[in-house]
Amino acid sequence: MRTIERVMQRTVRLTHLLLGVAAVGCNPAGERAAVGVVEAIASLCGRDRLIVTSQAVGSDPDEFCDPETGNCPNLRSALTTASFCTSPKTILLPDGATYEVTEAVVAFRDLEDSHYGRAGLPVVRTNVTIEGNAALIRRANTATGPFRLLTVVDSGVLTLNRLLLEGGLEEEGPTIRNLGTLNLVDCVIQNTSIDGSNFGWSGAVYNEGNLNVSNTTFKRNRIAAVGNLGHAEFINSKFEEQGIFPASANTAGILTVLNDENATMRITSSTFRGNRSLYSTIRNYGQLWIDSSTFSGKSRPGTRSRIR
């Protein structure tokens with residue numbers, strides 16, 4: 001019931017925007033518009049795929065895809081549409097597209113920034129797969145203020161396939177903060193920084209739920225690649241040149257991977273190469289299993305251990 005109520009509340013808000021009035025009330029035209037919006041959402045949710053047709057990020061958090069074709073004018077509209085659907089949705093991005101995220105957005109205006117932190121794309125709360133086709137999503141050079149790229153809440157399941165993510169800036173998980181389930185397949189997470197002085201402890205991907213990573217590369221992130229407070233599994237993945245820039249000891253990444261207290265992590269057939277984290281390659285306070293993985297390359301002067 002709560003889910004239905006939330007959907008209807010958002011539908012009413014969207015109707016207000018479409019009509020340009022403060023309330024729909026008993027206005028027959030407003031009621032017809034609200035019914036039209038519900039029908040459009042139902043049509044879109046009946047589709048398996050939503051197709052993004054441009055390299056635009058989008059600026060309107062209440063914009064939807066076209067119910068007639070399933071085509072989406074921008075990336076934000078695709079994620080907004082998918083968040084209304086209870087059935088899994090796949091979002092297709094154009095081959096090799098680049099999305100420059102310039103500012104944070106609050107999805108539907110019913111999630112407080114203070115609770116999840118600011119994100120450049122709408123919050124993922126349903127089951128969504130993004131087929132990246134080697135597309136790049138990054139924080140624009142002209143962006144101002146801290147925000148991460150993506151947030152997955154506890155009800156969300158997000159699968160990213162063949163996607164590059166670059167350059168988030170936020171205190172906890174500047175690339176992705178996950179409280180639900182996050183699957184990374186054939187992805188690259190690179191060139192991420194942090195907002196604040198707690199270098200390294202957060203992780204470009206900050207996991208508080210379930211994280212499954214395969215054939216993915218973490219490279220040249222200024223902070224830890226992953227901060228794990230939940231359960232994380234890595235298969236055939238690479239951690240390269242973490243903490244290698246800037247070179248000064250007081251601002252380099254403290255570690256490459258953090259497995260926190262009560263967290264569990266399994267690393268299989270993965271490689272750690274050329275990481276120059278200040279203290280440890282892996283800092284473990286929970287349960288950690290490593291199988292058929294290699295550690296090579298230079299260690300930063302003063303590094304205490306590769307696994308601690």
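Author: Cys-65 is joined to Cys-72 by a disulfide, with an S to S distance of 2.0 Å. The torsion about this S-S bond is 95°, which makes the link of Cys-65 and Cys-72 right-handed. Cys-65 has a relative accessible area of 3%, and Cys-72 one of 1%; because buried means under 20%, Cys-65 counts as buried, and so does Cys-72.

By the distance rule, the predicted model holds two disulfides. In the other bridge, the sulfur atoms of Cys-45 and Cys-85 lie 2.0 Å apart. The link of Cys-45 and Cys-85 is left-handed, at -80° about the S-S bond. This pair connects distant parts of the chain, 40 residues apart: Cys-45 belongs to helix H2 (residues 28-45), whereas Cys-85 sits in the loop between H3 and strand S3 (89-92). Cys-45 is buried at a relative accessible area of 18%, and Cys-85 is buried at 1%. Counted along the chain, the bonded cysteines follow the pattern 1-4, 2-3.

Helix H3 comprises residues 75-82, and eight of its eight residues are buried. Among them are Leu-75, Arg-76, Leu-79 and Ala-82. The N-terminal end of H3 is capped by Asn-74, a side-chain oxygen of which lies 3.3 Å from the backbone nitrogen of Arg-76.

Notes:
Residues numbered from 1 in each chain as written. Predicted model: local features only at pLDDT ≥ 70, side-chain atom pairs only at ≥ 80, totals over all residues. Heavy atoms only, no water. Buried < 20%, exposed > 50% of the residue type's maximum accessible area, 1.4 Å probe, protein only. Helix = DSSP H or I, 4+ residues; strand = E, 2+ residues; numbered from the N terminus. Polar contact = N/O pair within 3.5 Å; in protein donor to acceptor, adjacent residues only side chain to side chain. Disulfide = S-S within 2.5 Å.
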